[in-house]
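Biologist: I would like to learn how to read a few features of a model. Please take me through them one at a time.

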Amino acid sequence: MQKNQIVELEITDLSYEAMGVAHYEGLTIFVNNALPGEIVKAKVLKVKKKFAFAKIEEIIKESPDRVKVKLNQWVQTGLASLAHIKYDKQLEFKRNQVVNLLHKADLDQIKVDQTLPSPEETGYRNKAQVPVRMVNDQLEIGFFRRHSHDLVPLTNFFTTDPEIDRVLIAVRDILRKYKVPAYDEIHNKGEVRYLDVRRSKASGEIMVILVCLHRDFPQLPKVAAEISQIPDVTSIILNHNPKKTNVILGKNDYVVFGEDHITDKIGDVKFRISPQSFFQINSLQTPRLYNLAIEKADLKPEDVVIDAYSGIGTIGLSVAKHVKAVRGMEVIKPAVDDANANAKLNGITNAEYVVGKAEEVMPRWANEGLKTDVIFVDPPRKGLTPEFIDAAVKTNPKKIVYISCNPATQVRDLQLFREQGYDFNEIDPVDMFPQTPHVESVAVLEKAEK
Ligand code: SAH
C-alpha cells in the first residue's frame with residue numbers, strides 16, 4: 001500500500017477516537033469519518049508498518065446510522081467528531097467503549113447500563129475556549145484542524161450554548177474594529193491568543209476572558225468598554241499568558257471590568273466560579289450525573305465524606321447538608337478558594353476544602369488517623385495514583401464513588417481497589433459530551449463481605 005493510492009474498503013468497526021476501521025492486505029486502516037457497515041473508496045494518507053490512515057473519497061454503501069452534518073468543519077476540527085453519527089448510536093458507541101475495556105480486563109461479569117443521554121444534544125456547553133489567529137490578514141476565531149494548528153474560521157460552534165457563540169462573534173468584531181492583532185504562535189508575537197467565554201445557565205451571567213500575550217495593550221480600555229456593552233456580560237478578565245506554549249491559560253488573571261467570577265447553580269446549591277476553576281460544562285446533564293453518583297452513595301446523616309479532585313466543591317457541597325462532615329482537596333488554589341466561599345454562600349458549616357495534590361493530601365489524612373464513610377473521586381483523564389488508592393483504603397470507607405472522564409484509567413484503578421478488598425458490579429456511562437467521543441462513567445466500590 002502506498003500514499004495516495006485509492007482503495008475500496010469495508011468498514012467493520014469504530015476506533016475509540018471514532019475513526020472507521022478496515023482491514024486490507026494485513027494492515028489495519030483507520031478511515032476518517034467512515035462508519036461500520038459502510039463500503040468506501042478511500043485515499044491513503046499515511047502508511048506505517050501495521051496500520052495506515054485514509055480519508056473517504058466516495059461512499060459506495062452508506063450506513064443507515066449516518067446523519068448529514070451541516071458544517072464539515074465540525075467533524076474536520078474534531079470539535080464534534082461524532083456529529084455524523086445518529087445520537088442513539090453515539091450513546092451505543094460510548095457504552096461499547098466501557099464494555100470493551102471491561103472485556104480486556106477479564107471483567108465481563110460487570111454490568112454496563114445504557115448511556116444516560118444528555119438533555120441537550122447540541123448547544124449544551126456552558127463554556128467555549130476558542131483560538132484567535134490571523135487568517136489572510138484578518139482576525140478570526142475558530143478551531144484548529146485536527147492534529148494541526150491551522151485555524152479553521154467558525155462562527156457556529158455547534159456544541160456551545162448559542163448565547164456564547166453570539167458573544168464570541170461580538171468580541172471578534174470589536175477586536176477587528178480596534179485592530180488588535182491576533183497571536184502569532186510561530187514568532188510568539190501579536191496579542192490575543194484565545195477567547196474563553198463562560199455563561200451561567202442559572203443566572204445568565206457571562207464572563208469573557210481575553211487570553212493575551214501581554215499584561216496590557218494600547219486598545220484594551222476601549223475594547224473592554226465595548227465588550228462590557230454586550231448584553232449579560234458581567235465580567236471581563238485579561239488572562240496573561242506570555243509563554244510560547246500550547247497551554248491555553250496563563251497563571252495570572254486581571255479583572256478589567258465587573259466581577260472576578262460568575263455565579264451558577266446545580267440543583268439548589270449556588271456556586272461562584274473563577275476564571276481558573278473547573279466547572280462541569282454540560283449544565284443540564286451535571287445534576288443528573290451527580291444525582292446518579294449521590295444515589296449510589298446511599299449517604300447517612302452520620303457519614304464523613306471526602307470530595308477528592310473537588311474543583312469548586314460541587315459534589316461535596318451538594319451532599320453536605322445530608323451528612324456529618326465533608327472534606328475535600330483540589331490542586332488549583334482559586335478553585336479551593338471558590339469551594340470554601342461556596343460553602344459560606346450556601347450556609348454550609350460542615351465542609352472544608354484544602355489545596356493540594358490528592359495523592360499527597362489523602363496519605364496525610366490517612367496517617368493522621370482519619371476514618372471515612374464515603375469517598376467521591378472525580379480525577380482528570382490520567383486517573384488516580386496507587387498512593388491515593390492505598391491511602392483511601394486505609395481510611396476504611398464503606399463506599400468509594402468513582403466518577404471518571406476516561407474509562408480506561410477508571411477500569412485500571414477499579415482493579416487496584418479490587419485487589420484491596422473492594423468490589424464493584426456495575427459501570428454507568430453518562431453522556432456529558434454529545435457529538436464528541438468523550439465518555440463519562442460512574443462506578444461504586446463497596447467493601448467486599450468477608
Ligand atoms: N469534582 C469537580 C471537578 C472535577 S474535574 C466537578 O465535578 O466539577 C477534576 C479536578 O481535579 C479539576 O478541578 C483539577 O484541577 C483537579 N486536579 C487535577 N489533578 C489533581 C491532583 N493531582 N490532585 C487534586 N486535584 C487535581
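Biologist: Is glutamine 435 buried or exposed?

Modeller: This is a predicted model. Buried means under 20% relative accessible area. Glutamine 435 has 6%, so it is buried.

Biologist: Where is glutamine 435 found?

Modeller: Look for the loop between strand E23 (426-430) and strand E24 (440-447).

Biologist: What is phi of glutamine 435?

Modeller: Start with the general idea. Most residues other than glycine have a negative phi. Glutamine 435 has a positive one, near 75 degrees.

Biologist: What about the phi of asparagine 396?

Modeller: Asparagine 396 is not a glycine, yet its phi is positive, about 60 degrees. Its place is in the loop between helix H9 (386-394) and strand E21 (399-404). Asparagine 396 counts as partly exposed, because its relative accessibility is 38%.

Biologist: Where is asparagine 282, and which residues does it touch?

Modeller: Asparagine 282 sits in the loop between strand E16 (269-273) and helix H5 (286-297). Its relative accessibility is 0%, so asparagine 282 counts as buried. Leave out residues up to four places away in sequence, and asparagine 282 touches Ser118, Tyr124, Asn126, Asp431, Met432 and Pro434. With serine 118 there is a polar contact between the two side chains, at 3.1 Å.

Biologist: How is the protein chain divided into domains?

Modeller: Domain 1 covers 6-66, domain 2 covers 127-266 and domain 3 covers 282-447. Taken over C-alpha atoms, the centres of domain 1 and domain 3 are 40 Å apart.

Biologist: Now the ligand. How many residues surround it, and which are the closest?

Modeller: The ligand has 17 residues around it, and the closest are Gln280, Tyr290, Glu330, Ala358 and Asp378. By class, the shell holds eight nonpolar, five polar and four charged residues. Helix H6 (314-319) and helix H8 (358-367) each supply at least two residues of that shell.

Biologist: Which polar atoms of the protein lie by a nitrogen atom of the ligand?

Modeller: A polar backbone atom of alanine 358 is 2.8 Å from a ligand nitrogen. For tyrosine 309, a backbone N or O atom lies 3.1 Å from a nitrogen atom of the ligand. Then turn to a side chain. An N or O atom in the side chain of glutamate 359 is 3.0 Å from a ligand nitrogen.

Biologist: How much of the ligand does the protein bury?

Modeller: Taken alone, the ligand exposes 570 Å². The protein buries 89% of that.

Definitions and conventions. Residues are numbered from 1 along each chain as its sequence is written. This is a predicted model: local features need pLDDT of at least 70, side-chain atom pairs count only at pLDDT 80 or more; totals for chains, interfaces and linings use all residues. Side-chain values use heavy atoms; hydrogens and water are left out. Helices (H or I, at least four residues) and strands (E, at least two) are DSSP runs, numbered from the N terminus. Buried means under 20% relative accessible area, exposed over 50%, partly exposed in between (1.4 Å probe, protein chains only). A polar contact is a pair of N or O atoms within 3.5 Å; within protein, one must be able to donate a hydrogen and the other to accept it, and residues adjacent in sequence count only if both atoms are side-chain atoms. Contact means heavy atoms within 4.5 Å. Domain bounds come from an automatic or database domain assignment. A residue is near a molecule or strand if one of its heavy atoms lies within 4 Å of it. Accessible areas come from the Shrake-Rupley method with a 1.4 Å probe; for residues, only the protein chains shown count as cover. Ala, Val, Leu, Ile, Met, Phe, Trp, Tyr, Cys and Pro count as nonpolar, Asp, Glu, Lys and Arg as charged, and the others, Gly among them, as polar.
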